[in-house]
Amino acid sequence: LNAVHAFTEGKDPQDRQQQFGFTFGGPIKQNKAFFFVGLDQHIFQVPTLVRFLDGSTKLTPQKGDEPLHHGDYEDTDKALVFAAADQLSTMTGNFHSAQFGSTGFAKVDVSLTPKHYLTARLNASRYYGSNNVFFDPSSPITTYMMSDNGEEQVNTASGSLSLTSSFTPRTVSHLRAQLSRDLQQSFANTDQTLTRISSVTDGFGRSTILPRNTNEHRFHLTETLSREGSRHSLKFGGDGLFTRIMNYFPSLSGGEYIFDDIKVDPWTFEPMIGGMETTPLRAYAHAVPRYYIQNFGSYATHPNTNEYAAFAQDTIRVTDRLALSLGVRYDLQTFATAGLVSNPLWPASGKVPFDTNNVSPRVGLAYSIGNNRPLVIRAGYGLFYTRIPQIYTSTVQSDNGLAATNLILDNTDFYHHQIFP
């Protein structure tokens, strides 16, 4: 259990986590109204150990087997390559990622009448930090430089009202309404173009998916009606969930340089097809990338959706030992079509499903054996339809071949080289 990671130089990096909170409650009015509040906070300060792809923190250029293989440098550019290696080495080392999370709630229960009971609840959570977009508390090692990380802020809040009403001794209604919002923002640590050096580092500069932003607002309304009989327990219900989203999720919008093996003119280091083979590190020192990649287009989508459901259930006490549950549920999910465009070259693009036959039968049974300490055997069968997440329709809107385009330039191609940034 005290094992040390292979790339931590024999030392466990400092990892600090604190968690604290409280709960408090009591009567507001005797036998009439009660309150309950709570707060919890969790603080992460975890290590992030940046390493090169070979696991080291010091990049040392390698001399090749002369005269055919020059390796990372020759005498003429040794100082330049070693300076580039030293500059890259300053990006490695031991850093920290911090995340501060807090959540709180307040709840009030009120007995309106002997037959009506109201509950109001407010929940809020927030977390923020530094270098907290990409970090893994279980493994501190990364081959991405800290400039490729970012800061994420999340604010979530919800409020709900629940009314339980007893119409008769055997008939009970449970009505619930909830409003919620989820605001997420992520910021890049730098605006510099992302750079990847093959066999050296996975990247430094602005992350491919930052900055990003998601704002989600939801309204949920549900009702359940229960009826108890001598042999039957009936339940009927339905709910509606209405979601409005603005999602900004860029993909490589800031561009990326990739330094890889490339052939160059040995005197000018201009790319050429039949030139001198150059390693990725040497190419980086001479500012000669092999590829440039960038996406262009609109990255904002509005994958709004409405969800409806209804169900009926009957639990039958067939005998004193056997109970049988029969039920059926219907689900319907609809998607906003504004902003969906079909590509003429790809007719299936820009379309979302509209499935109206989501009928789900359910059956279950329970049988008890014995009297004092009975053994209960249970079995069940049913069909279930999962909801489609909003990221699906967001992707349908943004990845239709029209909303965004992709640019890939190869520096060794004569025509690409003319416009290479």
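## Exposure and the basis of the model

A residue is called buried when its relative accessible area is under 20%, exposed when it is over 50%, and partly exposed in between (1.4 Å probe, protein chains only). By this rule asparagine 31 is exposed, because its relative accessibility is 62%.

The model is predicted: local features need pLDDT of at least 70, side-chain atom pairs count only at pLDDT 80 or more, and totals for chains, interfaces and linings use all residues. Residues are numbered from 1 along each chain as its sequence is written, and side-chain values use heavy atoms, with hydrogens and water left out.

## Backbone features in loops

Asparagine 31 is in the loop between β1 (16–29) and β2 (33–50); helices (H or I, at least four residues) and strands (E, at least two) are DSSP runs, numbered from the N terminus. Although asparagine 31 is not a glycine, its phi is positive, at about 60 degrees.

Phenylalanine 269 also has a positive phi of about 60 degrees and is not a glycine. It sits in the loop between β13 (262–264) and β14 (276–278). Phenylalanine 269 counts as buried because its relative accessibility is 12%. A cis peptide bond runs from leucine 210 to proline 211, with omega near -5 degrees. Proline 211 belongs to the loop between β9 (201–204) and β10 (212–228).

## Salt bridges

The whole structure holds 11 salt bridges, where a salt bridge is a side-chain nitrogen of Lys or Arg within 4 Å of a carboxyl oxygen of Asp or Glu. Side chains of opposite charge can pair when their charged atoms come close. One of the bridges joins glutamate 216 and arginine 218, at 3.3 Å from N to O. Glutamate 216 is buried because its relative accessibility is 18%, and arginine 218 is partly exposed because its value is 23%.

Aspartate 239 and arginine 329 form a salt bridge at 3.9 Å, N to O. This pair links distant parts of the chain, with aspartate 239 in strand β11 (residues 232–248) and arginine 329 in strand β18 (residues 322–335), 90 residues apart. Aspartate 239 is partly exposed at 23% relative accessibility, and arginine 329 is partly exposed at 26%. Arginine 387 and glutamate 307 meet at 2.8 Å, N to O, in another salt bridge. This pair too links distant parts of the chain: arginine 387 lies in the loop between β20 and α3, glutamate 307 in strand β17 (residues 305–317), and 80 residues separate them. Arginine 387 is partly exposed, with a relative accessibility of 34%, whereas glutamate 307 is buried at 12%. A network of salt bridges links Glu74, Asp77 and Arg282.

## Nonpolar surface patch

Leu326, Val363, Tyr381, Leu383 and Tyr385 make a nonpolar surface patch of about 450 Å². Patches are made of residues with over 30% relative accessible area and no salt bridge; like charges are joined within 9 Å, and nonpolar side chains (Val, Leu, Ile, Met, Phe, Trp, Tyr) within 5 Å. Accessible areas come from the Shrake-Rupley method with a 1.4 Å probe, and for residues only the protein chains shown count as cover.

Leucine 383 is part of the loop between β20 (375–382) and α3 (390–398).

One cavity of 30 Å³ or more is found in a search of the whole structure. On a 1 Å grid over the protein atoms alone, a cavity is a set of points where a 1.4 Å probe fits but cannot get out, and lining residues have an atom within 4 Å of a point. Grid points are joined across faces, edges and corners, and a volume is the space filled by probe spheres set on the points.

The largest cavity contains about 40 Å³ of space. Its lining consists of His302, Pro303, Asn304, Phe335, Ala336, Leu340, Thr393 and Gln397. Of these residues, four are nonpolar, four are polar and none is charged. Ala, Val, Leu, Ile, Met, Phe, Trp, Tyr, Cys and Pro count as nonpolar, Asp, Glu, Lys and Arg as charged, and the others, Gly among them, as polar.

## Contacts across the sequence

Phenylalanine 414 lies in helix α4 (residues 414–418) and is exposed, at 57% relative accessibility. Phenylalanine 414 and proline 271 are 143 residues apart in sequence, and their C-alpha atoms are 8.8 Å apart in space.

Technical notes
1 Å grid on protein atoms, 1.4 Å probe; cavity = no way out; pocket = protein on both sides within 12 Å on 5 of 7 lines; lining within 4 Å.
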